[in-house]
Amino acid sequence: MEMEIKSAKEENLRNSIPFVKQLSTESNRVKTDYTINGDTQPYGPTTQRLYLWTQIFAAFAVSMGSLIVGFSSGYTSPALPSMNRTLTITNEENSWIGGLMPLAALVGGIAGGPLIEYIGRRLTIMCTALPFFLGWMLIANAMNVYMVLAGRALCGVCVGIGSLAFPVYLGETIQPEVRGALGLLPTAFGNTGILLAFFAGTYLNWSHLAFLGAALPVPFFLLMILTPETPRWYVTKGRAEDARKALQWLRGKNINIDKEMRDLTRSQAESDLTSTGNAFGQLFSRKYLPAVLISLGLMLFQQLSGINAVIFYASTIFQMAGSSLDENLCSIIIGIVNFISTFIATAIIDRLGRKMLLYISSVSMIVTLVALGSYFYVREVGTDVSSYGWLPLACLVIYVLGFSIGFGPIPWLMLGEILPSRIRGTAASMATGFNWTCTFIVTKSFHNIIAAINMYGTVWLFAVLCVIGLFFVIFFVPETRGKSLEEIEKKLTGGSRRVRNLNSNKSNQNGC
């Protein structure tokens, strides 16, 4: 009885103070009665206490790669005007300079899965630094548009590889208590890279801006040299001693890692015992299908929310809305909101949990899209809306804020959390490729949809899709706050039950 009271007091203390103060809280007690698909209390810490500095360093090193990804995404907006004055570029070539990167990222996303499985998460991430550098140098020294396109293609492949490798690396190295906050750092740094491209582009021409892009992979590569490979990857390769060294580096030299190491090896042993065949063939097996479908669903509804269409065509939307505010200023405001909101999500995700932020994200997007669509409809039928010229900006600011604290970063964060270790690389590759495919389709078809059902119909369509996405989150997406990867995998795949059955059958056979 006294032990139960003491445990309850410790749990209340943990939940009543900020997560930064939780870092020294010790707990060796393990709960076995937990649920994944509900909004229950987080699973207890899996190690004695947290040593943050090495984990922050690893997250920062990986996030430097995400900074390059964001810079690559934001480059074309400030660079194209000065590029058109220097090089002879047609309108079609202009569109390819902007659109080639997502297509190349699709290729990189597909290729990245086998790479992180065979050569490791860390080495794969490090290897993107050189193509990033070469791509930016091609652009910076371009004599014609084809050199620019070649550079954009190289950078795009690296963007695709990084977008799947970053969350997998952090998911396998960061402890559950801070995995949400540190796992969102790549998204925050990605938005920082976009802003860096915008602000530097106001002072630099396209060539000098590309030289700045070529400088960014250097500190990224040097930082990644100092980080270890993930312990889980070492375990999958049977390198237990290397896994222990990497885990000790990440957790701190004075931390007892025996329990976490046992959990890692046990989880891998269960996976090896219950799985047969290659990873790709197992993706749609009954055991792994729920995790795969949840990942694909999150990626699908992330893009069906219309975020990329809204961001890419923000100025066009303001022009069509007849807003009383300058469309360029509105676009800058939206970019700043997108930048700030990710840091807000980083601060609150380990308090509120993934599902709660997805709820808030969905509801805010639904409300603002319905309001914006109503504005367009009322304006379409001839009603004077001049006194409501502020409404489009207000709606899009809240929409971007809602997206950026939930459906923006969390699908990528959960990509490294819910996919089982045996298929993580292959499944992450498929989910990343699927995401970039959806990005291309939504962005490319945006104007066609407007021509078919008008702007108000298009905005309402995105609102309906967000409603469907909300129900998907409610009924299918698990809460992973505070849970180790082993616990999440065990619950989604029923690993322990299968192992017990297999062991029981083997015992019966041996007895016979």
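**A helix among buried residues**

Begin by selecting I410, P411, W412, L413, M414, L415, G416, E417 and I418, which are the buried residues of helix α23. This helix runs over residues 410-418, and because nine of its nine residues are buried, α23 is largely enclosed by the rest of the structure. Bear in mind throughout that you are looking at a predicted model.

**The whole chain**

Now zoom out and colour the protein chain by secondary structure, where you will find 26 helices and zero strands. Of the 512 residues in the chain, 55% are buried. If you display contacts with a separation of 6 or more, residues 24 or more positions apart account for 82% of them.

Next select Y75, M83, I97, I125, F132 and W136, which are the residues with the most contacts inside the largest nonpolar core, a set of 70 residues. Helix α8, covering residues 145-173, gives the most to this core, contributing 12 residues.

**Around W136 and the α7/α11 pair**

Return to W136 and show its surroundings: leaving aside residues up to four places away in sequence, W136 touches I68, F71, S72, Y75, C155, A210, G213 and A214. Then select helix α7 (residues 129-140) together with helix α11 (residues 206-215), which pack at an angle of about 165 degrees with their axes 8 Å apart. Angles over 145 degrees count as roughly antiparallel, and α7 and α11 are therefore roughly antiparallel to each other. Their crossing is left-handed. To see where the two helices meet, show F133, W136, M137, I139 and A140 from α7 against W206, S207, A210, F211, G213 and A214 from α11.

**Helix α10**

Move on to residues 185-201, which form helix α10, with 17 residues and a reach of 24 Å from first C-alpha to last, close to the 24 Å expected at 1.5 Å a residue. Its buried residues include L185, P186, F189, N191 and L195.

**A buried arginine**

Finish at R121, which is found in helix α6 (residues 121-127). Is this arginine, R121, buried or exposed? At 1% relative accessibility, R121 counts as buried. Not counting residues up to four places away in sequence, R121 touches I116, V168, Y169, E172, E229, T230, W233 and R424.

Definitions and conventions. Residues numbered from 1 in each chain as written. Predicted model: local features only at pLDDT ≥ 70, side-chain atom pairs only at ≥ 80, totals over all residues. Heavy atoms only, no water. Helix = DSSP H or I, 4+ residues; strand = E, 2+ residues; numbered from the N terminus. Expected span 1.5 Å × (residues − 1). Buried < 20%, exposed > 50% of the residue type's maximum accessible area, 1.4 Å probe, protein only. Core = buried A, V, L, I, M, F, W, Y, C linked by side-chain atoms within 4.5 Å. Contact = heavy atoms within 4.5 Å. Axes fitted to C-alpha atoms, helices over the stretch in contact; angles between N-to-C directions. Parallel < 35°, antiparallel > 145°, perpendicular 65-115°, else oblique. Left-handed = near helix turned anticlockwise from the far one by under 90°.
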